[in-house]
Amino acid sequence: MTILQDFQHWMEEKLTIISYLQEHDSLIYLRLESVLTVLGLIQTFEEITDEDLEVFQWGFQYLNEQIFTLEQLMLEVSLDAIEQQSVLYNYMMDLSDFYMDAVLDDDIKEACEQYLLLLQGLLLHQKPLSDYIYSQIESLYLEAKEPYVSIPSMFESYMDISDDE
């Protein structure tokens, strides 16, 4: 079985969640839409280059991790409750991506871990994010050793490049 077939089977398994997000014009879906679009686009290519395959694999892995995290949260609260906190959820996932992908020193990594736990707790208990905590997290992004570009932004760029060709 190829990765394209694996993705197709995965999409069939996750259709309920993805459809829910799409039908509710979810901010969570909007965050993942560029990745889904690029993967769908690559599937239509007559010839897939090694670069396209690498992008596909990376995007598929990212989507799988994102949906897995959502499913784990759904063990504790409903998808409706998560959707009601979609801004907080997306912020938590952005911080998680930053934690996993950016070049960070140990102090920033430790702070990210603490804030991720805090954001998850706020989400699970349907509590708002305070301006103070928001500003503290934003300062972490500024302390990173290199500028950070989110994965969804990279996929948006990929779509722009594909449109130009």
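Author: "Buried" means under 20% relative accessible area, "exposed" means over 50%, and "partly exposed" is in between (1.4 Å probe, protein chains only). This is a predicted model, so local features need pLDDT of at least 70 and side-chain atom pairs count only at pLDDT 80 or more, while totals for chains, interfaces and linings use all residues. Residues are numbered from 1 along each chain as its sequence is written, and side-chain values use heavy atoms, leaving out hydrogens and water.

Reader: How many salt bridges does the structure hold?

Author: Side chains of opposite charge can pair when their charged atoms come close. Here the cut-off is a side-chain nitrogen of Lys or Arg within 4 Å of a carboxyl oxygen of Asp or Glu. With that rule, the salt bridge count is three.

Reader: Take Lys 14 and Glu 71. How far apart in sequence are the parts this pair ties together?

Author: Lys 14 is buried at 12% relative accessibility, whereas Glu 71 is partly exposed at 22%. They form a salt bridge, with their closest N and O atoms 2.9 Å apart. Lys 14 is in the loop between α1 (3-13) and α2 (15-23) and Glu 71 is in helix α4 (residues 50-74), so the separation in sequence is 57 residues.

Reader: Which residues are linked in a network of salt bridges?

Author: Asp 94 pairs with Arg 31, with 3.0 Å between the closest N and O atoms; Asp 94 sits in helix α6 and Arg 31 in helix α3 (residues 27-44), so parts 63 residues apart in sequence get tied together. Arg 31 also meets Asp 97 in a salt bridge, at 2.7 Å from N to O, and that pair again joins α3 to α6, across 66 residues. Put together, the network links Arg 31, Asp 94 and Asp 97.

Reader: What span does helix α6 reach from its first C-alpha to its last?

Author: Helix α6 covers residues 86-101, which makes 16 residues. The expected span is 1.5 Å times one less than the number of residues, or 22 Å for α6. The model comes close to that, at 22 Å.

Reader: Now α4: what is the distance between its end C-alpha atoms?

Author: Buried residues in α4 include Val 55, Phe 56, Gly 59, Phe 60 and Leu 63. The helix has 25 residues and should span 36 Å at 1.5 Å a residue. The end C-alpha atoms agree with that, at 36 Å.

Reader: Which helix gives the most to the negative patch?

Author: Patches use residues with over 30% relative accessible area (Shrake-Rupley method, 1.4 Å probe, only the protein chains shown counting as cover) and no salt bridge, joining like charges within 9 Å and nonpolar side chains (Val, Leu, Ile, Met, Phe, Trp, Tyr) within 5 Å. Asp and Glu count as negative, Lys and Arg as positive, with His and chain ends not counted; each charge is placed at NZ of Lys, CZ of Arg, CG of Asp or CD of Glu. The negative patch gathers Asp 106, Asp 107, Glu 110, Glu 113 and Glu 143, and Glu 143 belongs to helix α8 (residues 131-143). With four residues, the top contributor is helix α7.

Reader: And the nonpolar patch: what is its area?

Author: Leu 27, one of its members, is in helix α3 and is partly exposed at 36% relative accessibility. Together, Leu 27, Leu 30 and Val 87 make a nonpolar surface patch of about 270 Å².

Reader: Last one: what is phi of Asp 25 near?

Author: Most residues other than glycine have a negative phi. Asp 25, in the loop between α2 and α3, is exposed at 65%. Its phi is positive, near 45°.

Technical notes: Helices (H or I, at least four residues) and strands (E, at least two) are DSSP runs, numbered from the N terminus.
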